Amino acid sequence: MEKKWWMGKVAYQIWPKSFADGNGDGIGDLEGIIGKLDYLKDLGIDIIWISPVYQSPLVDQGYDISDYYAINPVFGDLETMDRLIAEAKKRQMYVIMDLVVNHCSDEHPWFQEALKDPEGEYGKFFYIEEKKNGKLPCNWRSYFGGSVWEPIPGTNKYYLHSFHKKQPDLNWENPKMRQEIYKMMNWWLERGIAGFRIDAIINIKKKLPYKDYEPDRDDGLAFVGKMLDEAEGIGEFLEEMKHETFEKYDAFTVGEVFNDKPGAVEEFIGENGHFSSKFDFGPELCGKHGCWYKNETVTPEMYKEVIFDSQEKTGEIGFLSNIIENHDEPRGVSRFIPQEDLSEDAKKALACVYFFLRGIPFIFQGQEIGMENCHFPDIDAYDDISTLDDYRVCKEAGYSDEEAMEFAYCFSRDNARTPVQWSDEENAGFSTHKPWIMVNPNYKTINLKSQQQDETSVYHFYKKLISLYKDEAYHDTFTFGKCIPYAREQKNLIAYERKGEGVDLLILANFQKEPQKVTLPAKCEKVLLNNKDELRISEGEITLQGYQAVVIRM
């Protein structure tokens with residue numbers, strides 16, 4: 001495989017609204033990010049993914065874009081964005097932006113023109129249909145609940161939205177619309193960004209003509225994802241996009257691709273794939289069954305199987321982007337570690353396991369200090385539109401408010417959107433003003449400032465992870481080496497080897513409170529990383545204490 005500049009890099013996701021407030025209005029912004037670049041450089045970050053900062057009414061927190069060429073004044077302006085890109089480059093860091101092109105905002109000029117003349121040029125930029133025999137074109141349910149079809153006032157026409165009704169889907173079957181998108185992408189690449197994280201990209205290809213699916217709830221609707229399972233031909237759009245944009249700039253691209261089909265790995269991230277990488281969403285989908293109240297608690301065995309399945313499917317075809325959390329998920333430590341076991345050792349063990357898998361490690365803001373889910377006082381304290389819909393579904397299914405709130409604590413996207421806990425000062429050091437959303441009350445005990453002063457903290461463990469990952473002796477092995485599961489049948493043990501040229505590394509983590517012994521595949525040459533003070537190794541055997549994680553050179 002041809003070596004690319006982004007291989008072997010460490011990435012960090014910033015969700016700007018909650019990262020750092022530079023102007024004291026309670027909302028994170030671009031100035032706040034610029035002020036933290038030295039922190040990110042010191043941590044060891046190479047690539048910074050910035051979630052949407054485009055002009056937007058913020059119905060879906062910026063994933064509803066009303067002007068792709070402008071920065072939302074809440075976050076700053078184009079001059080500040082240019083300065084952020086330049087300041088990152090000075091520190092040998094790369095900035096990638098969110099590419100949200102399945103849909104736009106209903107306030108975008110294209111859609112406003114479509115509303116004026118649904119039959120005109122811009123009407124064809126969207127999916128606009130009429131009822132036939134009093135019936136909508138199909139019974140698909142949007143990701144945020146309700147029909148994907150919304151009426152256009154004053155007409156007998158409806159427009160399609162896979163997400164919120166204020167996020168009309170763009171019609172990718174229209175070549176003129178596609179060229180407008182490519183023009184915008186190249187404009188940003190010319191400004192100096194290094195690439196894109198590509199949002200909801202599978203949704204751009206619809207199964208046409210429209211058809212109904214078997215309803216999966218009492219509302220008579222069927223999840224829009226059922227349509228995606230049958231949609232064919234997305235590769236033509238993605239190859240065109242690559243040739244018109246990414247290829248010209250040697251850009252790094254990472255796709256949000258949830259529903260893999262047979263052969264999809266090579267198609268999407270092989271040597272000539274559509275993207276540089278795609279997120280491994282195996283862990284994020286683990287135990288999920290469509291409704292909060294149907295979800296299972298993730299066990300160490302479930303987590304182990306999904307990460308190894310992903311690694312085996314991908315092999316050496318390409319590079320996954322590995323995560324334990326992002327802006328659309330609850331905090332990873334609260335999801336993948338039993339509540340009664342949540343501790344600094346357990347957080348470090350989870351970090352060690354995911355970080356050294358083959359692929360590109362992504363860190364979400366606050367993850368490096370072990371931020372946890374947040375107990376919001378009531379449903380009105382939540383902001384996320386998806387959370388409000390899921391809460392409603394739980395109540396309609398007969399669950400009490402207390403039960404529905406516990407589901408929200410476990411699964412709400414707002415868990416990852418509380419402000420980063422920089423210190424134990426007021427508002428967690430995020431802002432001098434009351435933040436736009438509540439700060440997790442545990443900021444007094446979980447914050448960066450205190451962890452920077454504690455060499456045994458989660459933060460310092462992440463620094464050690466990154467340092468080891470980039471160590472010249474092991475970097476090629478971590479980047480290009482094989483990932484081979486080890487002792488997969490041993491319960492609550494997550495272990496794998498990373499094998500490179502003349503280098504054999506073993507990652508071991510005991511995911512339970514009780515100690516357990518592990519037979520080693522070869523003699524231990526050197527312990528490279530250990531989340532505890534001691535380690536017991538005897539001839540051919542190692543004893544791991546509860547939630548102990550180690551990296552060993554064999």
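Glutamate 406 counts as partly exposed because its relative accessibility is 39%, where buried means under 20% relative accessible area, exposed over 50% and partly exposed in between, with a 1.4 Å probe and protein chains only. This is a predicted model, in which local features need pLDDT of at least 70 and side-chain atom pairs count only at pLDDT 80 or more, while totals for chains, interfaces and linings use all residues. Residues are numbered from 1 along each chain as its sequence is written, and side-chain values use heavy atoms, with hydrogens and water left out.

Glutamate 406 lies in helix 14, residues 401-411, helices being DSSP runs (H or I) of at least four residues and strands runs (E) of at least two, numbered from the N terminus. Between glutamate 406 and serine 386 there are 16 Å from C-alpha to C-alpha, at a sequence separation of 20 residues.

On the surface, Glu406 belongs to a patch of negative charge together with Asp378, Asp380, Asp401, Glu402 and Glu403; such patches consist of residues with over 30% relative accessible area and no salt bridge, like charges being joined within 9 Å, and a salt bridge is a side-chain nitrogen of Lys or Arg within 4 Å of a carboxyl oxygen of Asp or Glu. Aspartate 380 sits in the loop between strand 15 (360-364) and helix 13 (385-396), and counts as exposed because its relative accessibility is 71%.

Turning to the whole protein, there are 17 helices and 23 strands, and buried residues account for 61% of the 554 residues. The C-alpha atoms fill a box of roughly 80 × 55 × 50 Å along the principal axes.

Notes: Patch = residues over 30% accessible without salt bridge, like charges linked within 9 Å, V, L, I, M, F, W, Y side chains within 5 Å. Areas by Shrake-Rupley, 256 points an atom, 1.4 Å probe, with all protein chains shown as cover. Lys, Arg positive; Asp, Glu negative; His and termini not counted. Charge placed at Lys NZ, Arg CZ, Asp CG, Glu CD.
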